[in-house]
Amino acid sequence: MYRNYNKKKSDSSRFFFAAVAVIACVLVITAIIASPSFFVRIKSPDDYTNTAETTAPVKETLPVTDNDSTAENPGTSETASTSTPEPVTETEPPVTSAPPMTTVPETTVQPPETSDALLAESADAGQSYLDKIIFIGDSTTYSFLYYGKLNGGKESLQVWTPASRTLTLDHATTTTILYPDTGKEITIKEAVSLKKPEIIVITLGVNGISYMNEEYFKSAYSKLVKLIAAESPDTKIILQSIFPVAENWEKTKSINNEKITNANKWILDTAKDCGVRYLDTISVLAVGENGFLPQTYQNGDGLHLSPEACDIVLTYIRTHALPDFIQ
């Protein structure tokens, strides 16, 4: 009996201490899990977002945003920036006083409907005709100055763009341009009043097509044309088509050749309504596959023209001259 009693007592003790140990372990584990330092975080899909996409600098060409300015500047890839980086070119283009004559390539683009506003092919009006022109525009126009394609080369007085080289259509009547004759920033209205140019060629709207509808676009363009005509009635005004983009242009959601084609129809309509002329220059630029600007015609960003393309545009202007200026 004595032995059996001791055995039962021993078994009870072991059971008691085992239970205490289990309870102690549970308490310790609970304390560890509750500790602030012990925290397992489950990541959501958002935690795996590639932050490089949101923090990497945006390549701009245009700043192609009209409220931008989509800073239009030869050599960057656009979107909106108030300052315009210098155009990208591997070698500094030589300064020339006049572009060499370039054979105008055949085009696969259908010309616009016959219109009194459309400047038809003419005899070559010569360098003297180009020398009479003031070019007003955005960074695509600035290419003529950057590459030294006009009389005076890089010191030419024929290009009117803002100091930022970005000019958007809906702000064209109020934004100041860098008036090359004095180096001061004045409005286009003031510049026209001072200069009284014989001919003005306007190339605007590439930024505007990203956010302007037809009515807004035409209204803004007409306002600029009428302002110039009122300030200098003898000035001949020509509206030039927007240039096409190349296949490597990245911002096709906001600016693409379909939108450019539509906008050029609006520009032709504006020329008709305002009694001025229209240059269908896109017809000799949209000659790549599927109507793109050929790779040799763009300067690397898919939007701005190469020196070769600048020559083609100027040759087209000379051979689609105002009738009164053909020698």
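Helices and strands here are DSSP runs, numbered from the N terminus. I keep that in mind for every label below. The model I'm looking at is a predicted one.

**Entry 1: a loop residue**

I started with Glu-155, which sits in the loop between α4 (139-146) and β2. Is Glu-155 buried or exposed? The cut-off for exposed is over 50% relative accessible area. Glu-155 has 66%, so I noted it as exposed.

**Entry 2: the whole protein**

I stepped back and counted 8 helices and 7 strands in the protein. Of its 327 residues, 48% count as buried. The accessible surface comes to about 16900 Å², and 56% of that belongs to carbon and sulfur atoms. Then I checked contacts with a separation of 6 or more: residues 24 or more positions apart account for 68% of them.

**Entry 3: the sheet**

I found an open sheet of 5 strands, paired in parallel, in the order β2-β1-β5-β6-β7. Which strands stand at the edges? They are β2 (159-160) and β7; each has a single partner strand, so one side of each has no neighbour in the sheet. Further in, I looked at β1 and β5, which run parallel and are joined by 5 bridges. Ile-134 stands opposite Ile-200 in β5.

Nonpolar side chains tend to be buried together in soluble globular proteins. So I went looking for cores. The largest nonpolar core has 44 residues, and Ile-136, Ile-202, Phe-217, Tyr-221, Ile-228 and Leu-239 have the most contacts inside it. Several elements supply at least two residues each, among them β1 (133-137), β3 (176-179), α5 (188-195) and β5 (199-203). Helix α6 gives the most, with 7 residues. There is also a second, separate core of 34 residues, which includes Ala-125, Ile-238, Ala-321 and Phe-325.

Leaving out residues up to four places away in sequence, Tyr-221 touches Leu-169, Ile-202, Thr-203, Leu-204, Leu-239, Gln-240, Ile-267 and Thr-270.

**Entry 4: helix α7**

Next came α7, which covers residues 257-274.

Just after the helix, Gly-275 takes a positive phi of about 75°.

Buried residues of α7 include Ile-260, Ala-263, Asn-264, Trp-266, Ile-267 and Ala-271. An α-helix has 3.6 residues a turn, so residues three or four places apart point the same way. Part of the cover over the buried residues of α7 comes from α6 (214-231), β6 (236-240) and β7 (277-279).

Two non-glycine residues with positive phi went into my notes. Arg-165, in the loop between β2 and β3, has a phi near 70°. Asn-290, in the loop between β7 and α8 (307-318), has a phi of about 60°. Arg-165 counts as buried because its relative accessibility is 16%, whereas Asn-290 is exposed at 69%.

Methods:
Residues are numbered from 1 along each chain as its sequence is written. This is a predicted model: local features need pLDDT of at least 70, side-chain atom pairs count only at pLDDT 80 or more; totals for chains, interfaces and linings use all residues. Side-chain values use heavy atoms; hydrogens and water are left out. Helices (H or I, at least four residues) and strands (E, at least two) are DSSP runs, numbered from the N terminus. The expected span of a helix is 1.5 Å times one less than its number of residues. Buried means under 20% relative accessible area, exposed over 50%, partly exposed in between (1.4 Å probe, protein chains only). Contact means heavy atoms within 4.5 Å. Accessible areas come from the Shrake-Rupley method with a 1.4 Å probe; for residues, only the protein chains shown count as cover. A nonpolar core is a set of buried Ala, Val, Leu, Ile, Met, Phe, Trp, Tyr and Cys residues joined through side-chain atoms within 4.5 Å. Two strands pair if DSSP finds at least two bridges between them.
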